[in-house]
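Here's a quick tour of some ring contacts, with the model open alongside. Have a look at the aromatic side chains before reading on.

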Amino acid sequence: MQIRPALTAASALSVSALAAATLLTAAPAHAGTEYSSALKVRGVQYDAPGRDDNRCSGGNTSQEYVTIENYSRTASVNLKGYVVKDRTGNRFTFTRSHTLQPGDFVRLRGGKGSDSDAKNVVYRNNCNFMWNNDKDTVYLYKPSDAHADTHAYTKSGNDRDGNGYIGFHN
C-alpha cells in the first residue's frame, strides 16, 4: 500500500506555476545561448563566396563578416569596448564609438577598409579569415566582459542552403 500526500489547492497552484515557468523559460530552438543584452549576433557569413584568398589586395576576406544587431526597442547602444571572438580566441575589440539605434545593425568585416556608419560596416583591419568554414563559435562580449550572445555552428548542421551564411534571432 502506497501512501500519497494529499494535493491541496495551494500545492496544486504551486505545481501549475512551476510547470508554466518551466515552459516559459525553455531554450530557444536555435544553436545559441540567450544572455541579457540588447546586442546580439544576427548572423555570420562564415564562408566568403569564392575560393578563400586572404591577400590584403585582391583577396576576399572582406566578404566574411558577422552581423551584430541592436534588438532593443528603445535603447541606443555604443559598440565601443564590445568584443567579438571565435572558438580559438581570435578576437576583435570595437575601439571606436559606433552607436547602434534600436533595430540598427553593423557588419564586422574582415580585410581592410573604411568604417562607415552610413553603410553599417566596421573592418577588422586584418586580412586573415576569422571564421572556420566547417564549424566555429561566435562570441559577443560586453565591455564589462559579460556575455552578450554566443552561437555555435556547423556547416552541415546549420547551413541548409550551403551559401556560407547562417542567421540567428530571425
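Is Y65 buried or exposed? Y65 is buried, at a relative accessible area of 12%, which puts it under the 20% cut-off. Bear in mind that this is a predicted model.

## The ring pairs

A pair of aromatic rings is described by the distance of the centres and the angle of the planes. There are four aromatic pairs in the structure. One of them joins Y46 and Y153: the centres are 4.9 Å apart, the planes make an angle of 40°, and the pair is tilted.

This pair brings together distant parts of the chain, 107 residues apart. Y46 comes from the loop between β2 (39–45) and β3 (65–70), while Y153 belongs to strand β11 (residues 147–154). As for burial, Y46 has a relative accessible area of 0%, so it is buried, and Y153 counts as buried too, with 2% relative accessibility.

## Y65 and its partner

Back to Y65, which pairs with Y165: their ring centres sit 6.4 Å apart with the planes at 40°, so this pair is tilted. Y65 is in strand β3 and Y165 in strand β12 (residues 165–167), so the contact ties together parts 100 residues apart in sequence.

## A charge over a ring

Rings can meet charges as well. R42 lies over the face of F105, 4.4 Å from the ring centre.

Conventions: Residues numbered from 1 in each chain as written. Predicted model: local features only at pLDDT ≥ 70, side-chain atom pairs only at ≥ 80, totals over all residues. Heavy atoms only, no water. Phe/Tyr/Trp six-rings, centres within 6.5 Å; stacked < 30°, edge-to-face > 60°. Helix = DSSP H or I, 4+ residues; strand = E, 2+ residues; numbered from the N terminus. Buried < 20%, exposed > 50% of the residue type's maximum accessible area, 1.4 Å probe, protein only. Lys NZ or Arg CZ within 6 Å of the ring centre and 35° of its normal.
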